[in-house]
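Trainee: I would like a close look at a single part of this model. Please take me through it step by step.

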Amino acid sequence: MTDTAREEILGRINQALGRRGGGEYVSSSSGTVPAGSPTGGEGHSSAAEAPHAQPGAPAAGGGTVDQSADYFRTGTHEGEELIELLVDRLEDYKANVHRVSGDPAATIAGLIESGSAIVVPRGLDDSWLQDFTGEVSVDAPGQELSVPELDAQAAVVTASAVAIAQTGTIVLDGSPECGRRAITLVPDHHVCVVRVADIVDIVPEGVARLRPSAALTFISGPSATSDIELKRVEGVHGPRTLDVVIVDT
Amino acid sequence: MTFLGMPLLPSKRRDSDPIPGGQGNIFEDESFAEVSHQHLSNQQLRNNIGHATSTIRDKRSEVVAELDDWEALREAGSRTKNHVMENLPEYLAEFEANFTDQGGIIHWARDADEANAIVTELVEANAPILDSGRREVIKVKSMATEEIGLNEHLETQGVDAFETDLAELIVQLGDDKPSHILVPAIHRNRNEIRDIFEEKMPDAGELTNDPVDLAEAARRHLRHKFLTTKVAVSGANFGIADTGSLGVVESEGNGRMCLTLPETLITVMGIEKLLPSFDDLEVFLQLLPRSSTGERMNPYTSFWTGVTEGDGPQNVHLVILDNGRTRALADEHGRTALNCIRCSACMNVCPVYERTGGHAYGSTYPGPIGAILSPLMTGVEAEENGSLPYASSLCGACYDVCPVKINIPEILVHLRNEDVEANHSPVSSQLDGALTGASWMMSDAKRMTAAESGIPFAHAVTGGDQINSLPGIAGAWTSSRDIPGLPEKSFRQLWAESEGESHGGSDGEEDGKSEGEGDER
Ligand code: SF4
């Protein structure tokens, strides 16, 4: 049933676009392929991951996309200014920010009540927890905590893949030190470590650093709603407390 | 010279085998002029909507003004979406191959009925029957599923669908319809919400009307569902062709809950949601949050690509939905409406929407975008959808704020012409409706100002020449007499300028309006 639906929808699209023989679908592997990323995409090999993409091939509909985008690809903030921008934007969206140079262990331990139970992803730097006294569960493939177990954790401690200063956004990418998505979602308190080297200025720089096929979570402050009379309320379903530890090593 | 929807041109797309229109909640069932009257008399609604639109409008202006390259981003967004529509079969195939490669399963649905049947079948196969004798799914806000009436359908099939977005929950518990696509419960105030919660949440107990308390009640109410429900249904903001990834943009974390914890995830996405490349997110992740909630970035955005081993749902489905989108695509003067990323900015600047609210538009898609999208998806002949393109003063504010630069006023004029051709040849009973609209417009000085600010646009349409034909219902009138060309500015505008309260300085070159910010009313 749905195979017919597929052919029919693709046929309707061809008809709608006024292509010859509407109803007949021109396979994308037969040379009529879309151009690659309309916005350039240097620094990526995204085309290589797409079996059908042939960058530079003329667009089937006659519309070639201007490869030169005139929006900003890089920001202007650097060094201390860049870090301060990130701090400002994180605080604006009600994250708690802590800056550390060197070892973050004492800072992390100070954020979580001693004696409580926490979960960490398997790839987390052990030294970050050396000052914490409490029960640490390591979530790893084959030893995943169940949802009720996660629900019983007081906090989760992870690293992060990228932080975007301009928007106050931290990205988790499912790597061993970020963990699978559920561990940063169910516990009510997320302590997230950001390395200074992972801070970029603007969104395009952040997107360029990500692995596109990973399960990605962009986090900008704790969960929030403005659904009741537009009054912003922090903390609905995601972790209600977000502590960001910025580490300058 | 761009096409400006001059009336009475022969339409080019009438082919012998028209593409079928969509079904579901995309119909206006009474003419807009009549139904808007009922809503205008609801003072509470008008106050709430007015407050919401002006607040979000201001927030948006502030964060947009922070970006010096905003116009370049809009241009890139518009170009990318146009390119996607022109190459849609190829991008769909590329997306399909990549999503499938990663273990995702794709289903195609020609219309609402077919999509509802596919989702029902998947739910029956994956959600257990509970003690109540019914099945349950959790849902994250999705306009596509609202459009196809999925919840109502599932209910008849023994499945309870729980909306998890706070506003959608308020709407659902209140047995209501969303009035705004971004803040769907904005027509309810805190007291009404407390009453709804106390009545419909068995375990809520006594609540105050403090939004913090009410949000907490929703958290408690839904948490058990999140942690135990086996099947979730979502929409998608983006489908990325070159990776096969899907993305959902949200605030509360209910999206993450639905996308992460259940065993089975079913996403319903319109064919038009594709972006060519992951890199395009560098544009759209800037355009959408700033245009939508007026935030630099929304709290949470999730991307997933088919099945991620050991992380999240391991049974991942996507229903790719047509339901009238191909019909909209076939209209070469209207197809850019499909570029819409559902940010709702156009609603918040619309003087008509601000006064009538979203319910007056009948469809899931309200406001300026709804006034074009619904008739494009169904055809102007369907029910009263031909009345929707008149729900505008053509002031052009929607075009100015649209992050993908959809020229809504131009498409409105085009559709009025279609409506005249299809429904009012040569004169029709809807004259009454149009006159009602006119008397509403003229009975209030503020509305009149809003309508007159459309004059520069109309001037651009006509090039200042004598006007021989007018769109819509007025066309019947101008067919027998000519009227003089429109002045570049209305008397009111000239007066205001001479008083030193100058407007933005645009007098209608080409687009008939100035670009950029500070132009919002
Ligand atoms: S038409 Fe433009 S402004 Fe309106 S919701 Fe769609 S993208 Fe936003």
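Trainee: Which residues touch the most other members of the largest nonpolar core?

Mentor: This is a predicted model, so local features need pLDDT of at least 70, side-chain atom pairs count only at pLDDT 80 or more, and totals for chains, interfaces and linings use all residues. Residues are numbered from 1 along each chain as its sequence is written, chains are lettered from A and ligands numbered from 1 in the order in which they are written, and side-chain values use heavy atoms, with hydrogens and water left out.

Now the core. Phe197(B) and Ile372(B) touch the most other members, out of 150 residues. A nonpolar core joins buried (under 20% relative accessible area, 1.4 Å probe, protein chains only) Ala, Val, Leu, Ile, Met, Phe, Trp, Tyr and Cys residues through side-chain atoms within 4.5 Å. Look at Ile372(B). Leaving aside residues up to four places away in sequence, Ile372(B) is in contact (heavy atoms within 4.5 Å) with Ala337(B), Ile406(B), Ile408(B), Ile411(B), Leu412(B) and Leu415(B).

Next, see where chain B meets chain A. Chain B brings 105 residues to the contact, and chain A brings 94. About 8400 Å² is buried between them (accessible area lost by both parts together, 1.4 Å probe). Carbon and sulfur atoms give 59% of that area. In chain B, Arg110(B), Arg219(B) and Arg296(B) lose the most area to chain A, together 9% of what that side buries.

Arg6(A) and Glu96(B) meet in a salt bridge, with N to O at 2.6 Å.

How values were computed:
Buried means under 20% relative accessible area, exposed over 50%, partly exposed in between (1.4 Å probe, protein chains only). Buried area is the accessible area (1.4 Å probe) that two parts lose on being put together, summed over both. A salt bridge is a side-chain nitrogen of Lys or Arg within 4 Å of a carboxyl oxygen of Asp or Glu.
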